[in-house]
Amino acid sequence: MTALASGTFSKGHGTGNDFVLVADPDGAAPLTPERVRALADRRFGIGGDGVIRAVRAGATGDAALDAAPAGTWAMDYWNSDGSVSEMCGNGVRVFVRFLLESRLAQLADGEGIDIATRAGLKRVVRRGDRFSADLGPFELGGDRLVGAGGLQVDRPGLDVSTGNPHVVVALAGDDELDALQLHEAPSLDPAPPDGANVEFVVPGTIADGVGSIRMRVHERGSGETLSCGTGAVAAAMATRHWSGDAADRWIVDVPGGRLEVEVDERGHAWLTGPAELVFRGEGISPAR
Ligand SMILES: N[C@@H](CCC[C@H](N)C(=O)O)C(=O)O
């Protein structure tokens, strides 16, 4: 078991999707899979669905992040199992909150900042205590069969890319959603080459141009989580597609709270919701 190394960290979450955040502006302390697993461990470490390093583009040691203009803040996102992902919608909003609270950036209400991610530059705008992220254009793909604990028969799922891969499955109603057992990863046939996050949704009503859905998610690299921002966008955009593009605004209720998704005139999907920091701490060296 790799113990925690010394250094300060923050713990934050967006609708219960929780992260350990560390600042490493000059890229002096790159993350490793072992260190990420130790930090994210809920019993032997701090605990989180993911670990995020704040580092300046040009110093990240990762070609996809270093492609951004030098000096841009880069979100080096890792899943709790020690794998990296291209993008995290809740993470990028919590990341900006972390930059502000750590005085690494300043944003007045309504102002935005570009953040480098492995899926390209993402603009995050402060709206009071809430943060909106422009996740850019999304892409709908083909179908694949999805099986999961509690589902009587496999269902078709729609591939959606929001920079990272998702498969969205529509269920018949709340009973079916509540009966799902997601401690094991859903089966995907055919299996996507890089794995996928899987969202199960129950479409609700559409009124006055606003649709609503309930969602549960099994995340690639983290298991079932209370929320997934890119997953909420994927779920809303799949449901929008199934509805014949009946609404551009969607309310997404997840076990950890509520997120909003809106498609703008350029076809970009915006994700809005809370971003909280809950504590800051000091790691203790294993040599102590
Ligand atoms: N929870 C995140 C997504 C994190 C990455 C995901 N598990 C993956 O591997 O793609 C979100 O809020 O988007």
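From which domains does the shell around the ligand draw at least three residues each? It draws on domain 1 (7-136) and domain 2 (137-268). The model is predicted.

**Ligand shell**

The shell around the ligand holds 18 residues. Ser-85, Asn-90, Asn-164, Gly-229 and Thr-230 come nearest. Two elements give two or more residues to this shell: helix H3 (89-101) and helix H5 (229-242). By class, 14 residues of the shell are polar, two are nonpolar and two are charged.

**Strands E8, E9 and E10**

Strand E9 pairs with strand E8 and with strand E10. The table sets out both pairings.

| Strand pair | Residues | Direction | Bridges |
|---|---|---|---|
| E8 and E9 | 139-147 and 155-161 | antiparallel | six bridges |
| E9 and E10 | E10: residues 165-170 | antiparallel | five bridges |

Asp-143 faces E9, standing opposite Leu-158. Asp-159 of the model stands opposite Val-167 in E10. E9 and E10 form a hairpin, with three residues between the strands. In the turn, Gly-163 has a positive phi of about 105 degrees.

**Helix H1**

Is helix H1 (residues 33-40) mostly covered or mostly open? Helix H1 is mostly covered, with six of its eight residues buried. The buried residues are Arg-35, Val-36, Arg-37, Ala-38, Leu-39 and Ala-40. Their cover includes three strands: E2 (17-23), E3 (50-56) and E4 (73-79).

Notes:
Residues are numbered from 1 along each chain as its sequence is written. This is a predicted model: local features need pLDDT of at least 70, side-chain atom pairs count only at pLDDT 80 or more; totals for chains, interfaces and linings use all residues. Two strands pair if DSSP finds at least two bridges between them. Helices (H or I, at least four residues) and strands (E, at least two) are DSSP runs, numbered from the N terminus. A residue is near a molecule or strand if its C-beta atom, placed from the backbone, lies within 6 Å of it. Ala, Val, Leu, Ile, Met, Phe, Trp, Tyr, Cys and Pro count as nonpolar, Asp, Glu, Lys and Arg as charged, and the others, Gly among them, as polar. Domain bounds come from an automatic or database domain assignment. A residue is buried if 20 or more other C-beta atoms lie within 10 Å of its own, exposed if 12 or fewer, and partly exposed in between; C-beta atoms are placed from the backbone. Two residues are in contact if their C-beta atoms, placed from the backbone, lie within 7 Å.
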